[in-house]
Amino acid sequence: MKLQSFVKKITSLLLCLVMVCSYVSVTAQPGKEEYEQVTTLYDVHKIKPAYITQGLQFEAQYPGGMLVFPIVNAELQMGEFYGVEIYRLGGTLGESTVQIESIDYTAKYGVDYEIYVSPVKGDKAVCGEAAPIYAIEQLSYVPTLTSSSIDTEDSSGKDESQAALYNEYVQEFRDLIKPSSSFEVKFASGENSKMIYIKTLKDDVVTDDLEFTLTMKAVSGTSVLGNQNTMGFSITETREKPQAYIEVANTMVSYNSSKGFITVRRTGNTGRRCSYRLVTQSGTAVAGEDYNAVHLELDFLPGMTEHRIPFEILKGAQVGEKFTVLIENVKNAEALNESAIVSFCESGENVIISENGTELNAYVPQLMNVRDKEFVPITQFEKSVYTDRGVGKQENYFNIASDGKSAEMIYKNKSAARNNAISIVTKDKINFSGVHSISFYIDNYSGSCSWDHNAIYVSDSPLFTSSTGDYDFIHNFDDDGIGACWNMTNVAEDYIKRTTGKLKVNGEKNLYILLHKGDFGGTASFKIYSEGEDSEHNITLNLIKYNMNVVAPDKIQLYNANQNQLENVSPVNNVNLVHPQSGSLAENIDIYRNEFINISADFIEELGDYKPVLTGIRFCNKDGQQESAIYPVSGGKVKFTANIISEIQSLISVTNDSSGNEIHNVYVKPVYEYKEANVAIMGYNPTFKDSNGQTFKLNSDGFSGGLYVGGKLIGTVSWSNPGRTGDKTYMIGDTVRFVFTPESDESYKKFDLDLRYYVGDTEPEVNAHGGNIEAGNTGAKEVILTLERNITKIYPIVTELDLGIALVVKNPTQGNFSGKGEENCKNNTDGSATVTGYKTSSGMVKFDTLSVGNVLSLSAAPNDGYRAKWTYINTFTGEEHTYYGNSFFFAVQSVVNNNANVVKLEFEKITEAVKSYKFSGVIKIQQSTILNPADNNTSIYEIVENATVTIGNYSGISDSNGRFILLKDSSVNADDGSNDAELVLVGDEKIRALVFTNGQYFIADVNIADCLPKDSEEYISNV
C-alpha cells in the first residue's frame, strides 16, 4: 500500500440509523479514587444501543463477537482526556482478546499523545515510543504521479523513461511502519463494550495539525470488522502555524558516477503536506547525452525536511558541464529560490555549493518586468510530433540556438510529398487563467506558398498527431478561442508579429507551435525569438487587465458606554487599494495577475489601542454576499496568482465600457483579526454581589474552575482556550463558550449556568442574558459570549433551575385524572386544580425531580358527555398544541419560554357524535428526532420493527413491516380480532402515541381526521 493510500482521508461508515455528532460528557466514576475528566467523541447513549442491538444479527456467524470502532475518524483538542469505546457486535460468548496498535503519522507517542486503559488519575500510560512515518530512513521522497509521467528533455524521440530508476525508490513500505505502542484489551464473557483513553499533550514546538491512528487485530475468541478496525485521529493545532519554506540546493557531482542526487530542503512548518514540481533543464550538460532528465511532481510529507531525488549520469558527462534544476507549482509552502545549478566535477559525490561558493553561469532565462505580459522562453519547448508522408524520407528540425535566445522550425518535403507538419510543445503546462491572448514574432525565411502555415494553440494534449491527414482544423483555432493560424507568404519581412484572438481557456494547459508544409516538395521554415534583439520580439502571454474594487469589511459589535448598548460598527474607515506600481490609493485599481493586492485603511477612533490586523482577503461578488475562502496575507499583501483567478472565476463579472471593450470586475473584502481583549475570568468568594453564598475557584489550567454553593462542589465551569502563541489570549470578536458540567445528577436538575460581566472597571454590571450574550439551551448548561473590547471581568455563577412542571385541570369535577385527591393536587380559587405529582403502582412521581427529556405519562377519565382536551406550549416555536384522548404523553422541555412545562387538561363537553373504532397502524419514526419532535430537522421517516406502541390504555407490538394492532390484553394473541382494542373517538381529535424502541421513548402524533374511514369501523393510521 502506497503512502498516498495509507493516509487517505477515512470516510465514516455507520451501522445504525441514529445520526452521530460530537458530544461532550463527563464520566462519573464510583469509588474513592480520583478520576480524569473524560470527553467522549460521540453520544454513547444514542450510538451504543443501536450498534449492539443491530449487531445481534451477526450472533450466529460470530458467536465470539466482531469488534468495531463506532466512528472512524475524530478531531481532538490539545490537553484533553478522551474516551474511545470499542463495541463487540454479534455474540458475546466466552472471553476474547484484541491487540491495539497506534501508528504515528505526524503525532509522536509520548510527545503529542498517550494511551491509557483506565481513567484513574496516576495510572501509567501504555508503554510506547514515538515512531512517526516520516522518520523511516528508506522513505526519501514521494512522487504524487505514476512513473509513466516521468519524461525526458531529450528531443530525439527516443523512449528514455526513468521509470525503473524511480520505482527503486517508490516501493511498498508498509512493512517498514512500526507501531508506536501495542497493548491488549480483554472482553469478559457477555461483555459487549470496552473503553480505552487518549490523553493529548501540547508540545512547545508548533508545526501543524498532528495525526495518528489506532488499529485493532484479533488475538483470540473474536474477529474485527475490516472497514472499521482502524480509527484515525487529528490533534488540532490552534496556535499560530508558521510558514513553510522550500529551496533547491546548488550541487556538484562526480562526472564518472552512475548516479547523482538533487537536494531539496524544507524549513519552517514541517508539519503540513506540501507539493512542488521538480524539472531539469539542459545547459552545457544536455539531457539524454550527459544525464537523464527529471520531471516529477513531488510531495513533502508532514515531518519530512529533505528530499534527495536521484538522477542517472550518462557517459557523455564531462567536468565543468552544468544543467539547471527548477522548482515550480509550489503549494502549501513558499519557495526561497526557484532554480539551482548541478555541475559535474572531477571527484566527490553530491557536494552542495554554499552561497559563497563557486559562481555558476549556466543560461537561465530571465523574464522581463512588464505589467501586462509574461514571457515564455523558447528553451521551455521541445519537439512534440511530426509526420512523414510522400516519396523518400522527409526531414524536420527544431533547433534552439546555443545562447537560448532563438530557435528554428524547419520542414523539408521531398518531391511528391505534401501535407507534412512538425509541432513543438512546452515541457510543462502553463496556467492560462488571466491570459487574454498570445503574441510572438517570427521570421519566415522559406515557405511562400499559401498552403504553408504557422499556427499556435493551447490544449491539454496535441490536436495534431503523426496520423493527422486533414489540416483544415488549424483554421478554426481562432473561432474556438484556443489559438490562431497564418499563411507563410511574407518571407521578405523581419519580425512578423502574430497574435491570437481572445483565448477562451483557463487553468493549466500546454502551448503548441505548429509548422505545416502544405505544398508539394520544398522547404518551409521560420525562426522564433526569446529575448532577442528587441525586447518585444518574444513569445508573450498578454494578460487580462482586471478592475479590482474594495468592499467594506464586515462590521463588529462594540459596546457604547454612553448608550449602554452594543452597536454594529465598521472597524476601519477610508478603505482603499494600493496601486501595485505607483503606490497611490483608490477604491478601485487596475491589476494584472502575479501583481500584489495591498489594502490601506484608517482605524475608527472608538477602537482606541485595539486596532485590528489585516490577516487575509476574501473575493466576493459586487454585493459582498458570495465569498471565497480566505487568502492569507504575507507582508501585508496577497499575490493575485493564476491559481486564484482560476478559483474565483464565478465571482468575476464582465461588463463593457462605452466603446464596447470588456471590463473584468473583481471585488475583494479585507479580513481583520482584532487585538487581544483585556479580559479576566475571575474567581470570587461568598461576599461577591448576588452570588448567594457561591464560591468560584479557578483551576491551575486557567480555563476552568470549580463552583461551590454552601461549601459543596456542585460543578465545574470550563471555557474555550484560544490557543494562541505569545502573549495573546482572547481577541476582539472572539466567541467564548462557557460549559457547566454538574458534579451530580442532582446538580444537573437543580442548577443552570449564568454569567456576570463588567464593561470597564467602573461601568455597571451587565447580566448574562443582555447585550451580546447568547444563552444556549439551558439543558445543555452553556452560555456563549462574544467579546467586545470593553469587557474586563467575567464571573461564572449558577442560578437555581425551576423547570416549572405542572398539570393544570379545568372543570376538575367532570372526571378523574392523574393525582386527583392526592397530596400533590391543589385546588385553585378559580375552580381549577394544579397537580405537581401523583402516585403510581411503582411509587410517587414528583414533577420537581424530573429533568429535560423525561417523559411524563398522564391519564384522564371524563364523565359521560365530556372528553379530555390537553394543551401545551411548544418551547421552540411558542405555538400552542392541542390533543385529545384519555392519555397524554409529554416530554419535559428546556426552560426558554414561560409555562414551557405546564400541561393543561380541560374536561370539554362533547357536542359531536362519538364512535368506537378498532385501531391498527404502521409505525414510522422520524430519523434523528429528539424525544419531543417539535423542531424537526428532517423529513425522513423509518419503519420501526419490534416497537411497543401505546395509545390510551392499550398497546401493540410492530412487526417487520411496522404494522401494529392495539390489544385489550397484550399477553393474549387472538387472530379473530376478539382481543383488538376499541377507542371511542371524535373525528377532529389529535391524539398522542408513545413509542418505545431501541431503549428510547419517542412521542408520535396521530391526526384522527386524516385517518377516519368512510364506511368501515377499522382504520389504518401512519403514526
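The structure is a predicted model, in which local features need pLDDT of at least 70 and side-chain atom pairs count only at pLDDT 80 or more, while totals for chains, interfaces and linings use all residues. Residues are numbered from 1 along each chain as its sequence is written, and side-chain values use heavy atoms, with hydrogens and water left out.

We can begin with a sheet. Strands of a sheet pair through backbone hydrogen bonds, either parallel or antiparallel. Strands here are DSSP runs (E, at least two residues), and helices are runs of H or I of at least four residues, numbered from the N terminus. Two strands count as paired if DSSP finds at least two bridges between them. On this basis, 4 strands form an open sheet with antiparallel pairing, in the order 40-39-42-45. Its edges are strand 40 (585–586) and strand 45 (637–639), each of which pairs on one side only. Strand 40 runs antiparallel to strand 39 (residues 572–578), and 2 bridges connect them. For Leu577, the bridge partner in strand 40 is Ala586.

Cysteines come next. A disulfide is a covalent bond between the sulfur atoms of two cysteines. With the criterion of a pair of cysteine sulfur atoms within 2.5 Å, the count is 0 disulfides. Burial is judged by relative accessible area: buried means under 20%, exposed over 50%, and partly exposed in between (1.4 Å probe, protein chains only). Cys274 has a relative accessibility of 2% and therefore counts as buried. Cys345, at 9%, is also buried.

Side chains of opposite charge can pair when their charged atoms come close. A salt bridge is taken as a side-chain nitrogen of Lys or Arg within 4 Å of a carboxyl oxygen of Asp or Glu, and the count by this rule is 19. One of these joins Arg277 to Glu297, with an N to O distance of 2.9 Å. This pair links distant parts of the chain, as Arg277 sits in strand 16 (residues 274–281) and Glu297 in strand 17 (residues 295–300), 20 residues apart. Arg277 is buried because its relative accessibility is 9%, and Glu297 is buried at 18%.

Another salt bridge forms between Asp372 and Lys373, whose closest N and O atoms are 3.7 Å apart. Asp372 is partly exposed, at 29% relative accessible area, and Lys373 is partly exposed at 30%. Glu662 and Lys502 also meet in a salt bridge, at 2.9 Å from N to O. Glu662 belongs to strand 47 (residues 662–673), whereas Lys502 lies in the loop between strand 32 (496–499) and strand 33 (508–517), so this pair ties together parts that are 160 residues apart in sequence. Glu662 has a relative accessible area of 38% and is partly exposed; Lys502 is likewise partly exposed, at 38%. Through salt bridges that share partners, Arg277, Glu297 and Glu328 are joined into one network.

Turning to the interior, a nonpolar core is a set of buried Ala, Val, Leu, Ile, Met, Phe, Trp, Tyr and Cys residues joined through side-chain atoms within 4.5 Å. The largest such core has 44 residues, of which Phe432, Ile528 and Ile539 touch the most other members. Strands that each supply at least two of its residues include strand 26 (406–413), strand 27 (420–426), strand 29 (435–446) and strand 34 (522–529). Strand 33 gives the most, with 5 residues. A second, separate core of 38 residues has Met66, Ile71, Ile100 and Phe187 among its members.

Contact means heavy atoms within 4.5 Å. Beyond residues up to four places away in sequence, Ile539 touches a set of residues including Phe375, Ile438, Leu511 and Ile528.

Asn824 is found in the loop between strand 59 (815–817) and strand 60 (825–827), and it is buried at 11% relative accessibility. Its contacts, leaving aside neighbours within four places in sequence, include Thr834, Val835, Met844 and Lys846. Asn419 occupies the loop between strand 26 and strand 27, is partly exposed at 23%, and has a positive phi near 55° without being a glycine. Tyr495, in the loop between strand 31 and strand 32, has a positive phi of about 50° although it is not a glycine. Tyr495 is partly exposed, at 23% relative accessibility.
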